[in-house]
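Thanks for coming, everyone. Let's have the structure up on the screen and walk through a few parts of it.

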Amino acid sequence: MKTLVIVESPAKAKTIKKYLPDGCKVEASMGHIIDLPKEQLGVDVNNNFKPRYIPMSDKRDVLKRLKETAQSSERVILATDPDREGEAISWHIANYLGIDIEDDVRVEFHEITKSAVAKAFEQKRTLNMDLVNSQQARRILDRLVGYKLSPFLWKKVKKGLSAGRVQSVATRLVVDREEEINAFVAKEYWNITALLHQQDRRDETFEAKFYGLNDQKLEINTKQEADDILTKAQTGKYVVKSVKEGQRKKNPPLPFTTSTLQQEANRKLGFTTRKTMMIAQQLYEGVDIEGVGYTGLITYLRTDSVRISEEARSACLAYISDVYGKEYAMYAKKKAAKKSGKVQDAHEAIRPTAVDFTPESLQGSLSRDQIRLYELIYKRFVASNMKPANYDTLSVEISCEDLLFTASGSRIAFEGYLKVYNNKTDEDKEYKLPALKEGEVLALEEVKAEQKFTQPPARYTEAGLVKALEERGIGRPSTYAPTIATIQNRGYVAIEEKKFLPTELGSLVTQLMKENFADIVDYDFTAQMEGELDNVAEGKADWVNVVSDFYTGFEKELEKAQSIEKVKLREEVTDVLCDKCGKNMVIKEGRYGKFLACPGFPDCRNIKPYNEEVDALCPKCGAKLVRRKTKKGRIFYGCLNYPDCDFSTWNTLSKEKCKTCDSLKFKKSRAKDAKAYCLKCDDE
């Protein structure tokens, strides 16, 4: 054997192997093999923050295999992922195997295809120590925060808690949003709508909305104001004041970055960020395609860039012209949307490695989730190279005495990219108006006033939280999935109806952090730190200085905070008695939701399930239903008498009550127009 090629995963090894010449052996490191020790800080803060790296205990067999294989090889090539983590893994492997990092031992490819692999091996390079140092700085910063702050939280709040540079800020986002919601004061307003038709076409009605008085926009805030306008609107004559025709275009979306893929997969497919990254990794590393073998289907999944290669763009344009027609292909060069902060443009956007690999052609080779995510990536890429969708628009002003009403309609004149990728919003829905003329008198069918109230800001969905983190420059898209998983696992946030809300613990810890470690949970400071790490990666800053500048202030805050008193979590006392010591049990929040615990801990460690009753009845035995949660956080409803009664349902509880039994109804989906039914009385 002449050459040993080291990659990170077995799947990637299988895919790359078929593109290499005979005499090459491919081994997988299974990710990181060297790291800071788990039991100790592992960073010498008095010696330029020198890290102490050791072999990971669960990778000893991997290290032994790599060393033995390397010793029997003439040369070793490091082909780990093309990012900071991948560069650091290669550096650790090189040091462990005694490879000279000044030699051209590093190859990187952004897609696992024959041409990309061949090109990478023609362009071997030395290890990029700027990237390594950037990863090293991030790892050390996270270790310093985690290993210094977590014991502080154990001492001042309770054991088992953790803190981190990004997770603490992510938790604060959720807490701050909940505070906004709680502080929100709803304001009353009224909408007035007239249902009109042309004199000779009573069956073709359309809606016109009240705009204002004497051409001036007017907001209606009280019922009295609404009644005054309604009186005029019911008796006045409706005349078409102006008719304006126009056009509107909707540009195609840009191809996916890591963040936008996570957001769209969450919105359209219901995938968590963790699931999206896991499946995307599989598609990147290679899937066994029938008749082809192991093949990488998408480009590298960790990227902030929307750039695509000219080769890929040309192939896509040819595909669009062939399948949909030349009129759909956007041959003019597009400008990428401006993004705030620094964009890591080393990689292309996430796209298919070959436009010939259509989702239809891969149906028999991919799992259901793989094909769904691949189809999303594929269609987004194709759509990004198509022409905009064009709409014909019609805007009408209608006067009724001194009242002004407006109506608008639109229809698609040219589908453009919408033929492939549907991201229509409410404003894109077709709404046709009749052919109206200025001066035309219209007939009134009905005019009505509807009371409304302003709504508080919505809680974050997973897609919304990812977007908020990205917009503020907090963390990197590759860190969002583990960050979101961590704040859930630690019990800082919970999920209700696919939206995040802070637990009491999350709110308390965030407040404690705000008061004592302002920088750690400061949005701007955290974003600034990401910028400093980017500067290290670009060779513009020294990693030791970056870590030192941070640690100086952090150490002072930590020392000062030691004097604060222990914070007690509020515990809700129940009427359930502990069957071991007789005390009233309290409600506690754990990783998998609420549970009952004896307040006599640690002398009494008795715990019980917490049955959160809802106002709905079991169709089997008539007992109350209780809200329960699986280990993965999915909510379902089961009978209070379980295990004597085994009824349960995944359906969603509604706010509508059954008129027969007064039990809350359920819906089979979360759709707004989903019909609610009673478990006990309706035959659904």
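Start with helix α12. What covers its buried residues? The cover includes α6 (165-183), α8, α9 (273-285), α13 (477-489) and β18 (499-502). Keep in mind that this is a predicted model.

The helix itself spans residues 462-471. Its buried residues are E462, A463, L465, V466, A468 and L469. Just past α12 sits G473, with a positive phi of about 70°.

Now take α8, one of the elements in that cover. α8 runs over residues 258-269, and α11 over residues 368-384. How do these two cross? Their axes come within 11 Å and cross at roughly 120°. The crossing is right-handed.

Who makes the contact? From α8, we have T260, L261, E264, A265, K268 and L269. From α11, we have R372, L373, L376, I377 and R380. By type, the contact residues of this pair divide into 6 nonpolar, 1 polar and 4 charged.

Last stop, the cysteines. How many disulfides are there? The count is 0, with a cut-off of 2.5 Å between sulfur atoms. Take C604: its nearest cysteine sulfur belongs to C598, 3.6 Å away, and C604 is in no disulfide. C604 has 10% relative accessibility, so C604 counts as buried.

Technical notes. Residues are numbered from 1 along each chain as its sequence is written. This is a predicted model: local features need pLDDT of at least 70, side-chain atom pairs count only at pLDDT 80 or more; totals for chains, interfaces and linings use all residues. Side-chain values use heavy atoms; hydrogens and water are left out. Axes are lines fitted to C-alpha atoms, for helices over the stretch in contact, and angles run from 0 to 180 degrees between N-to-C directions. Helices (H or I, at least four residues) and strands (E, at least two) are DSSP runs, numbered from the N terminus. A crossing is left-handed if the near helix is turned anticlockwise from the far one by less than a right angle, and right-handed if clockwise. Contact means heavy atoms within 4.5 Å. Ala, Val, Leu, Ile, Met, Phe, Trp, Tyr, Cys and Pro count as nonpolar, Asp, Glu, Lys and Arg as charged, and the others, Gly among them, as polar. Buried means under 20% relative accessible area, exposed over 50%, partly exposed in between (1.4 Å probe, protein chains only).
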